[in-house]
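Please open the model in your viewer and keep the selection tool at hand.

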Amino acid sequence: MDGLVYGNLGSGGLSVSPFAERSPGYGRHRIEYRDIDAVGNIGPARAFVATLIPPPPACTTVVTGRHAGPLTVTTGVTCLRAATVTGPVTVAPGAALVAQSSSIAGNLTASRAAAVEVLNTEVRGAVALTGTSDHVTMVGARVSGPLALTGTASAPILAGGQVGALACSGGPNPVDLGAPTTVRKPTAGHCRRA
């Protein structure tokens, strides 16, 4: 035996087998480790933080470059990848949006969407997400106007971004994964505890 104990960021804790099946442990994790040299000297404990978020849904449509005017996502999963949308974006019921390193020059609205992910993306308007059935993930998002979350099915992830104002109602508290979102105006509802 090599004396190692293997772990992962999933369920089930530590194991002597690195190949044990586990379900993902999404969220923020503190990892502690020690160095051991060839003669057995053990160094001091050190630590780092790792944050796992669910992978985005698979894209059915990809938008890159410039998209002139409004964009409506009616079905499937539309992914904005380094895209510039020069108008508002609307996500229809059952559809999903994944915006990565993009810019939206208007409001972003979604009513009963499957999922909305805004990753390192700027929205130069307001964001209103109502009744999202799967998940809301906003990491590194910059929203000029207010962000309103209403009746989300699971806890929205709001991490490392900034918004004009923040309001929540009828759903679980948002989580910040240890990287709070900056809110330029006072918050309303249970978003205060995010």
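What percentage of the 194 residues in the protein chain do buried residues make up? Buried residues make up 36% of them, where buried means under 20% relative accessible area with a 1.4 Å probe, counting protein chains only. This is a predicted model, in which local features need pLDDT of at least 70 and side-chain atom pairs count only at pLDDT 80 or more, while totals for chains, interfaces and linings use all residues. Residues are numbered from 1 along each chain as its sequence is written, and side-chain values use heavy atoms, with hydrogens and water left out.

Colour the chain by secondary structure: there are 17 strands and 0 helices, these being DSSP runs numbered from the N terminus (strands E, at least two residues; helices H or I, at least four).

Next, select strand β14, residues 142-150. Strand β12 (residues 127-130) runs parallel to β14 and is joined to it by 4 bridges, pairing being assigned if DSSP finds at least two bridges between two strands. Strand β16 (residues 162-169) is also parallel to β14, with 7 bridges. Now pick Ala-148 in β14, which stands opposite Ala-128 and also opposite Ala-167 in β16.

Then show the side chain of Leu-147, which touches Val-127, Met-138 and Leu-158, among others, when residues up to four places away in sequence are not counted; a contact means heavy atoms within 4.5 Å. Leu-147 is among the residues with the most contacts inside the largest nonpolar core, which has 31 residues; such a core is a set of buried Ala, Val, Leu, Ile, Met, Phe, Trp, Tyr and Cys residues joined through side-chain atoms within 4.5 Å. Finally, select Cys-79, Ala-96, Val-98 and Ala-115, which are included in a second, separate core of 5 residues.

Methods
Buried means under 20% relative accessible area, exposed over 50%, partly exposed in between (1.4 Å probe, protein chains only).
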